[in-house]
Every structure is written in structure tokens, then in C-alpha cells.
Amino acid sequence: MLEIHVVRKDNRHLYEGYFDPYFRLRHDIYVKQRKWMDLDRPDGREIDKFDTEDAVYLFCIDDSRLIGAMRALPTLQPTLMSDIFPYLNIRGPVRRPDVYELSRIFVIPERRGEHAGPRVEMLLLTAIMEYGISVGLTGFTIVLESWWLPRFERYGWKAHPLGLPQMIDGMSVLAVLVDCDDVTWKSLCGQIGLTSPTLTWLGLTGINRAALPDIPPLVPPTAQPAQ
Ligand code: COA
């Protein structure tokens, strides 16, 4: 069964067995497939200086197998935007307790673009909104390739550019701030047919979070009789 797990420093010990496959998958996907050679490491594990104990991960796990993931970093600490790509944000770095930076979203190749059931990628985007509103975040910063923008538009993610797109290694890249709100979360749930929160918070009973309500399924508007 497919589940999306919140993994933070408080419960990381429960997921130790997943971290080696996780970093190896990142190497396969970003270095071998996407050819982001700056991330190459001889041990075949893509880990960077932002994988600190304060990083939060969403692990998408299907029958004990990691099939997708995403990372969220507190913007009060160094982020990709503040340390690697500061020139993308013309207003200077965002450093706020209620804003996290998203990075390293991926789905393993054989589970991309699925048509039977919700796409894993959409589940991850829905799950990170659920995480954000549960713990009181109001936004996510992201350094992304511009092909994400029409996709965000389609999904109802409200992305505000923080600067102009720049060409970096042949890619058009920009910095955005995305609203993290209830309306976006509910709309995404409606699009993929979720009627209740989806995250698994194993071992996280001690953290301060709001329990989110179930979402009534979208009822299509009734057809008006012809006059
Ligand atoms: N460049 C341009 N467009 C891309 C793209 C890329 N590198 N990767 C995906 N897309 C767009 C395309 O429009 C693609 O449509 P296509 O099928 O006509 O090519 C569409 O997204 C669907 O992508 P797909 O990969 O089939 O599946 P998905 O929506 O299930 O998953 C990702 C999207 C990004 C999660 C998945 O492609 C992935 O894991 N990629 C590798 C990791 C990555 O690059 N992450 C983003 C940066 S952190």
C-alpha cells in the first residue's frame, strides 16, 4: 500500500534503513539521469550540506519500497536559494520560521506519469501542503526549472516569482515563493480524489501540529434544465 511518511529528526531512527536507498536513488536520478554533475560523489550517494538533522523529508513508500520523495529545509538555516543561487532572488534571502524551502522532488522512473490512480508526483505535492498547514507554515520557497510553472498553475499551486529566470547549465531556472494554504490543499485533494489527510506521522506524537479535517468529496454541479 502506498503511504507518504513524514521523516524528521524526531523519528528518523525509524527510517534509518531507507536513507541509504534514498541517497542512492538521488544519485541515480540527479547525477546519472539528469546529469547534474556538480552533485556527483564517488560513493554513489547524492548528499549535500543541506541534508542536516533539521531537514524534513516526505518518503513515498509502497510495500516497503521508496518510490518517491521530497525535501523541505527551514529557511532560517542555509538553503539552496540563500547559499547557491542568491542571485535568483532580487529581494534577498527569505528567512522566516513559517517558510520552508522545497527541493529534490523525485519519483522513480517506473512510477512517473501514472494514469491508474493518482500520480505519485501529485500525491507528494498534496502531501507537502498537508504537512505545511499541519505545522503552521504559510509558504514554500523553491528554486525550480521554469517548466514547473504551467504545472503548478494547473494544480492550483500559487507561485510568486522572486526574480527573473536565468539560464543555468542550459536550464531556465527561477526562484518562487508558493503559498501554503488550506484552499490549495483541499483543491489538490479534490483533483486526486482524496477525502482525508494522507500523511503518516509515525513516531511523531510529540510534535505540535493541527489535526486536519476530512474533506467532503467534490459534488459536480447539477445540470440546469433547458428553458
Ligand atoms: N524537463 C522538462 N519537462 C519535464 C522534465 C524535465 N526534466 N521532467 C518532467 N517534465 C514535464 C514534462 O512536461 C513531462 O511531460 P512529457 O511526458 O511530455 O515529457 C511531464 O513533466 C511529466 O513528467 P514525468 O516524468 O512523466 O512524470 P511525473 O509528473 O510523474 O513526475 C517528476 C515528475 C519531476 C517528479 C519526475 O519527472 C522526476 O522524478 N524527475 C527527476 C527528478 C527531477 O528532475 N526533479 C525536479 C527537480 S528537483
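Predicted model: local features only at pLDDT ≥ 70, side-chain atom pairs only at ≥ 80, totals over all residues.
At 37% relative accessibility, Arg 24 counts as partly exposed, the class that falls between buried (under 20% relative accessible area) and exposed (over 50%), computed with a 1.4 Å probe on protein chains only. Asp 20 is also partly exposed, because its relative accessibility is 31%. The two side chains meet in a salt bridge with an N to O distance of 2.9 Å; the term stands for a side-chain nitrogen of Lys or Arg within 4 Å of a carboxyl oxygen of Asp or Glu. Both residues lie in helix α1, 4 residues apart, or about one turn of the helix. Helices (H or I, at least four residues) and strands (E, at least two) are DSSP runs numbered from the N terminus.

Residues are numbered from 1 along each chain as its sequence is written, and side-chain values use heavy atoms, with hydrogens and water left out.

Across the whole structure, a search finds 23 salt bridges. One of them joins Glu 145 to Arg 34, with the closest N and O atoms 2.8 Å apart. This pair links distant parts of the chain, as Glu 145 belongs to strand β5 (residues 139-145) and Arg 34 to the loop between α1 and β2, 111 residues away. Glu 145 counts as buried because its relative accessibility is 9%, whereas Arg 34, at 34%, counts as partly exposed.

A further salt bridge connects Asp 48 with Arg 71, again with a closest N and O separation of 2.8 Å. Asp 48 sits in the loop between α1 and β2 and Arg 71 in strand β3 (residues 65-74), so the pair ties together parts that are 23 residues apart in sequence. Both Asp 48 and Arg 71 are buried. These two residues also take part in a network of salt bridges that links Arg 26, Glu 46, Asp 48, Asp 51, Arg 71 and Arg 104.

Beyond its neighbours within four places in sequence, Arg 26 is in contact (heavy atoms within 4.5 Å) with residues including Ile 47, Tyr 57 and Phe 106.

Tyr 57 leads on to the strands: in β2, this residue stands opposite Val 7. Strand β1 (residues 2-7) and strand β2 (residues 56-62) run antiparallel and are joined by 6 bridges. By contrast, β1 runs parallel to strand β9 (residues 199-200), with 2 bridges between them, and Ile 4 stands opposite Leu 199 there. Two strands pair if DSSP finds at least two bridges between them.

A polar side-chain atom of Arg 151 lies 2.2 Å from a ligand oxygen atom.

Terms used
Polar contact = N/O pair within 3.5 Å; in protein donor to acceptor, adjacent residues only side chain to side chain.
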